[in-house]
Protein chains: 2
Amino acid sequence: MEVAIYSNSRQLFNRLFCNILHLHRSYYHHGRSKRILLSRLFQPMNLREDRTIGVGRSSDITCKSQRLMLQAGLIQPANTGCFHYLPYTVRAMEKLVRVIDKEMQSIGGQKVNMPSLTSASLWKTSERWDLLGKELFRLKDRHDMEYCLSPTHEEAVTELIAMQGNLSYRQLPLMLYQVTRKFRDEPKPRFGLLRGREFYMKDMYTFDVSEGAAMETYNLVSQAYSCIFGQLGLQFVKVQADTGSIGGKMSHEFQLPADIGEDRLLMCSDCHFAANVEAMTDTETNCPQCHGKLKESKGIEVGHTFYLGTKYSYILGASYSNTENKPVVTEMGCFGLGVTRILAAAIEVLSTEDEIRWPSLLAPYQVCIIPPKKGSKEELSLGLSETLYDTLIDAVPQLHGEVLLDDRSHLTIGKRLKDASRLGYPYVVIAGKRVLENPPVFEVRCQNNGKTVFLTQEGVLDLLRNVKIV
Amino acid sequence: MEVAIYSNSRQLFNRLFCNILHLHRSYYHHGRSKRILLSRLFQPMNLREDRTIGVGRSSDITCKSQRLMLQAGLIQPANTGCFHYLPYTVRAMEKLVRVIDKEMQSIGGQKVNMPSLTSASLWKTSERWDLLGKELFRLKDRHDMEYCLSPTHEEAVTELIAMQGNLSYRQLPLMLYQVTRKFRDEPKPRFGLLRGREFYMKDMYTFDVSEGAAMETYNLVSQAYSCIFGQLGLQFVKVQADTGSIGGKMSHEFQLPADIGEDRLLMCSDCHFAANVEAMTDTETNCPQCHGKLKESKGIEVGHTFYLGTKYSYILGASYSNTENKPVVTEMGCFGLGVTRILAAAIEVLSTEDEIRWPSLLAPYQVCIIPPKKGSKEELSLGLSETLYDTLIDAVPQLHGEVLLDDRSHLTIGKRLKDASRLGYPYVVIAGKRVLENPPVFEVRCQNNGKTVFLTQEGVLDLLRNVKIV
């Protein structure tokens, strides 16, 4: 039994120890620590039907993205409406969070993290304890105190602000956001990550000095949302929406048009009017603005913005000191993005029936290299794929961690290419017949535009130098 | 009312729109988007005692790290044992997670994310539903199905593996880990983030072909843990530990020695023996290995490793196919790091009574620049601090997002320096009297080693070029 007490004087030793350990690892586990080998990735594609009790059976599959994500080993069912996110999904989600962080912080958002447990008394103050009914997961602690598992944090963040002793008008607009797991006891969880009971959401709460300032903030955040969907290459429709149980004075949804979408949207073909039917006062067939004909389509809600006014800040006493040092109730906004829902919705709208397509920025790995099959003529050039891999990482450092080597060389190139197409790596580099040429030529499938190009190693490097990594 | 439908052909427009928006922002909000201004950061230092109902009153403060984190606006109480993590804490935590990710992935760890809700039936299978008693938060869904809020995921991950139809010995060792929020209904939540009811934990679960292979994996993960604490400059003691409610055959804890620690450790002054008293069979005063005298000290548990054997894999049927294609039950290990606890424990052991000190890698911001007071002689050189800021970011790109400008220039340098010392930025750069010299000279306080140096702008750049950023 060993004991290691690291005193300050032993920190140098300790660092040396870590360095030696890292050297040791890269010597003995070269492939594992340096090259990412597909055969080592946990991506289960073959679940035991006899073990999937009540969840995840083929009969439970309700849409394309759910089916593709299950088949490709991206998610695995846990309980009704709850999924394990497997490694590819976690990578894609972390990339999406980086995109969101960048945009939220560029407009002045500051990241916080609020507890999931919120006390019943706080939700009773806003009267949402009763309003949300069965959608709220409720529980008691060992002292019989009641809590909910927060689906959203208007009350919590408003109380956080109300507790400040000296919030000055100079500190506003204040824009706090978090990316955390949320809970909702859905009556019918379905569509995989599109409508689950546990999901990740980015929620931002803003505090302003006046209605005018709050509207400016509202527009700023809305523009940032447009930028996020734009960067992801996702077509969206921004529609007038109902404020629902959140409340407030005004609300818009960001919708991705899709047949399986659960929201019904009405869009005017003549002017810019668009709305969720829930936001329409009665069933209108003509545009309320230009009286043009309204067309209906379906959409998946991926973002929602609310101008709340003083609904929460008034009840909970969240105020700031104005220029005359008088307390004034703040004007609030709240802004949600469904993080895990965006992932699934993107797969839903971009994929074919058999092949996943990702927003390029979010692909779990950007490049998959397929070396020749064992025993083939081209096998002699096996080293070429490994050299390409190592050279690529050296020459294009941002691709570190983004390149896979499909080392399942007992399989044909065709079989592995099929898997790669199904997974949707943006670039698949194949060491096919033409690697025997001098200089060797690789086949590169650019899956997001469907093009195939034949390039030397230098050409591959030039092409991939331009890949944008988040 | 506007509607924006982005078709593929409009993606170019959309990107242009985002670029213009970013330009617009950096033009109008120069300070906000380019320089990080201290006055804009949400870091509440003055809570209303009348509003802190039942939590967070000064009488609830039970240790130094909790007091310092509350006073400096790093955390704010929400419910008993639940805290809002404010922006500085979120930044430090994200850095810690990056350190952990790097080490876990360098030994082959793959990141997953499992639901918080775990079904009662699964926990009943392992008999931990009853064993954990009141520590487990329990709830029912709308269909009266019972769940717990997982404090740990042995059952869930073992079921995940048991569901695989074709796990081969070639895929082992398999090392899955996650960094997620965990729940425990502590009888006495206290010490701020050290013993809360909601907390972040990194938990890794490993699957091996044999006891021997599992021991190799156990040592590999233990070494990675030593590396993590080494990088953070934290002295630790690794002790034999009780396996508690997790169970298994062997267990070690990583402890940070501290007076407020809740664990009692026995260490031999003659040999390498060290153990948690809970792991000792009876109250021994002499070392069971060399009969040397045992010394007692207290520690904060920040990591825990378990060799589980087949405790969970046998019950839940998690097996792999061996070389003869026969199913064999996997040997498991599990490995925990208290993410939020490490943050608080580091502050507990590194800080003075009044000033926070961070592990250098985890400091929320690395550099704080303090320009002259408004109205002072040195005010003429105000531009020098801003030039230093901009030049620094240009010359040392990894410092992007790591440098603060303390623009509260109505305060004296002394007052702002006091705040900076309290917050513990590793480097505080002061535009004091000597900025009037030619060339101007800045005072640099290196807070982690207590040294003060006087440097020209070029000298400051050279010093800060070496700052390690994670």
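This is a predicted model: local features need pLDDT of at least 70, side-chain atom pairs count only at pLDDT 80 or more; totals for chains, interfaces and linings use all residues.
**Exercise 1.** Work out how helix H4 and helix H10 of chain A are oriented to each other, and which residues meet.

*Solution.* Start with the axes: those of H4(A), residues 87-106, and H10(A), residues 339-350, come within 10 Å and cross at roughly 115 degrees. Angles of 65 to 115 degrees count as roughly perpendicular, so that is how H4(A) and H10(A) are described. Next, the hand: H4(A) passes H10(A) in a right-handed crossing. Now look at the residues. From H4(A) come Thr89(A), Ala92(A), Met93(A), Leu96(A), Val97(A) and Ile100(A), and they meet Val339(A), Thr340(A), Ile342(A) and Leu343(A) of H10(A). Sorted by class, this contact has eight nonpolar residues, two polar ones and no charged ones.

**Exercise 2.** Find which strands stand at the edges of the six-strand sheet in chain B.

*Solution.* Write down the strand order first: S1-S19-S18-S20-S21-S22, an open sheet with mixed pairing. S1 (36-37) and S22 (451-455) of chain B each have a single partner strand, so one side of each is left without a neighbour in the sheet. Then step inside: S18(B), residues 367-370, and S19(B), residues 403-405, run parallel and are joined by three bridges. Here Ile369(B) stands opposite Leu405(B).

**Exercise 3.** State how far apart the C-alpha centres of domain 1 and domain 2 of chain A lie.

*Solution.* Take the bounds from the domain assignment: 90-350 for domain 1 and 365-464 for domain 2 of chain A. Their C-alpha centres lie 43 Å apart.

Technical notes: Residues are numbered from 1 along each chain as its sequence is written. Chains are lettered from A and ligands numbered from 1 in the order in which they are written. Side-chain values use heavy atoms; hydrogens and water are left out. Axes are lines fitted to C-alpha atoms, for helices over the stretch in contact, and angles run from 0 to 180 degrees between N-to-C directions. Helices (H or I, at least four residues) and strands (E, at least two) are DSSP runs, numbered from the N terminus. Angles under 35 degrees count as roughly parallel, over 145 as roughly antiparallel, 65 to 115 as roughly perpendicular and the rest as oblique. A crossing is left-handed if the near helix is turned anticlockwise from the far one by less than a right angle, and right-handed if clockwise. Contact means heavy atoms within 4.5 Å. Ala, Val, Leu, Ile, Met, Phe, Trp, Tyr, Cys and Pro count as nonpolar, Asp, Glu, Lys and Arg as charged, and the others, Gly among them, as polar. Domain bounds come from an automatic or database domain assignment. Two strands pair if DSSP finds at least two bridges between them.
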